[in-house]
Amino acid sequence: MQMTFFWVSVAIGLALATMIGWRQLDRIADRAEQARLRAFQPSAPPRFSSDMVADLPDPARRFFLFSIADGTPLNRVVELEMAGKFSLGTKEAPNYMAMTAQQVLAAPEGFVWSMSAKSAVMRVSGSDSAKWTRFWVGGVVPVARLGGDADHKRSAFGRYAAEALFWSPATFLPGPGVTWEAVSKDTARATLRHGSLAQTVEIVVADDGQPLHVSFARWSNANPDKVFRLQPFGGYLSSFKDVAGFRLPTHVEAGNHFGTDDYFPFFVVDVTQIRFPSPQR
């Protein structure tokens with residue numbers, strides 16, 4: 001009996017050590033990808049001038065004049081720290097968890113969002129990126145290992161393209177891979193292209209150019225059929241702050257089926273810190 005208990009304890013210990021080691025490898029991959037993305041920060045970025053957006057549709061021009069001060073170095077890689085609530089549930093039973101997260105965003109090259117969330121009965125941590133989605137319960141039980149396929153890549157690109165529009169607006173200035181068109185007096189449509197990927201995002205602005213919300217058709221399987229297809233996604237933006245010449249939203253709520261009765265904001269955060277890091281070579 002004692003020997004049986006001993007070997008069971010050994011097996012449990014080995015399994016636990018394996019899971020802890022596996023989780024540590026995920027953290028190493030997070031840090032490596034973050035460093036790769038920081039290297040895309042331009043070492044001597046051009047500075048913003050209103051002439052750069054003079055030919056854009058009026059709502060797009062107003063957006064840039066609100067979001068970027070004249071003479072601002074046009075850094076494109078941004079780091080964010082945030083706190084708020086996150087749900088793995090449904091609109092009917094959201095079961096929000098308190099969350100903190102850090103993000104390195106370097107569109108169109110990629111992003112890494114590392115998070116930790118907890119409720120009274122569960123703790124979830126992990127990361128999202130252009131290459132993977134990895135979540136763990138309790139730090140030792142893997143509950144999601146996604147990525148490495150065309151569906152994940154396309155879905156992730158939609159997310160970080162839309163986030164770059166309001167957190168890294170220099171990414172969407174006129175140039176290769178970026179096009180703009182007017183939709184209405186206060187709505188513009190931007191398309192970001194990178195290799196075989198393309199994502200169109202609509203942005204609605206106030207009279208002064210402040211962005212109010214963004215929306216786009218996201219490639220997603222967040223639906224009852226669990227089938228990848230294009231469906232509405234979007235979010236509301238508020239609490240703007242000036243950071244290094246940029247005026248950026250620090251409160252964001254976003255979710256699937258934006259603009260419909262099924263809209264569910266599973267992601268509600270306040271950004272506590274925004275930085276434009278120096279490039280890492």
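A salt bridge here is a side-chain nitrogen of Lys or Arg within 4 Å of a carboxyl oxygen of Asp or Glu. The model is predicted, so local features need pLDDT of at least 70 and side-chain atom pairs count only at pLDDT 80 or more, while totals for chains, interfaces and linings use all residues. Residues are numbered from 1 along each chain as its sequence is written, and side-chain values use heavy atoms, with hydrogens and water left out.

**Helix H2**

Arginine 61 and aspartate 58 are three residues apart in helix H2, and are therefore separated by about one helical turn. An α-helix has 3.6 residues a turn, so residues three or four places apart point the same way. Helices (H or I, at least four residues) and strands (E, at least two) are DSSP runs, numbered from the N terminus. Arginine 61 is partly exposed at a relative accessible area of 27%, and aspartate 58 is partly exposed at 36%. On this scale buried means under 20% relative accessible area, exposed means over 50%, and partly exposed lies in between (1.4 Å probe, protein chains only).

Now select the whole of H2, residues 58–67, where seven of the 10 residues are buried. Among the buried residues are Phe63, Phe64 and Phe66.

Of the 20 aromatic pairs in the structure, phenylalanine 63 and tryptophan 180 form a tilted one, 6.4 Å centre to centre with 40 degrees between the planes. Rings of Phe, Tyr and Trp (its six-membered ring) pair if their centres lie within 6.5 Å; planes under 30 degrees apart count as stacked, over 60 as edge-to-face and the rest as tilted. This pair links helix H2 with strand E7, across 117 residues. Both phenylalanine 63 and tryptophan 180 are buried.

**Further salt bridges**

Which residue meets lysine 185 in a salt bridge? The partner is aspartate 207, at 3.4 Å from N to O. Lysine 185 lies in the loop between strands E7 and E8 and aspartate 207 in the loop between strands E9 and E10, so the pair ties together parts 22 residues apart in sequence. Lysine 185 is exposed at 57% relative accessibility, and aspartate 207 is exposed at 62%. Select Asp58, Arg61, Arg62, Lys185, Asp186 and Asp207 together to display a network of salt bridges.

Next, select glutamate 81 and arginine 275, whose closest N and O atoms are 3.2 Å apart in a salt bridge. Glutamate 81 is in strand E1 and arginine 275 in strand E13, 194 residues away in the chain.

**Rings and charges**

Select Phe86, Trp113, Phe135, Phe216, Phe233, Phe266 and Phe267, a cluster linked by ring pairs. A charge sits over a ring if NZ of Lys or CZ of Arg is within 6 Å of the ring centre and within 35 degrees of the ring normal. Arginine 134 has its charged end over the ring of tryptophan 132, 4.1 Å from the centre.

**Backbone stops**

Finally, select alanine 107 and proline 108, joined by a cis peptide bond with omega of about 5 degrees. Proline 108 is in the loop between strands E2 and E3. Asparagine 95, in the loop between E1 and E2, has a positive phi of about 45 degrees although it is not a glycine.
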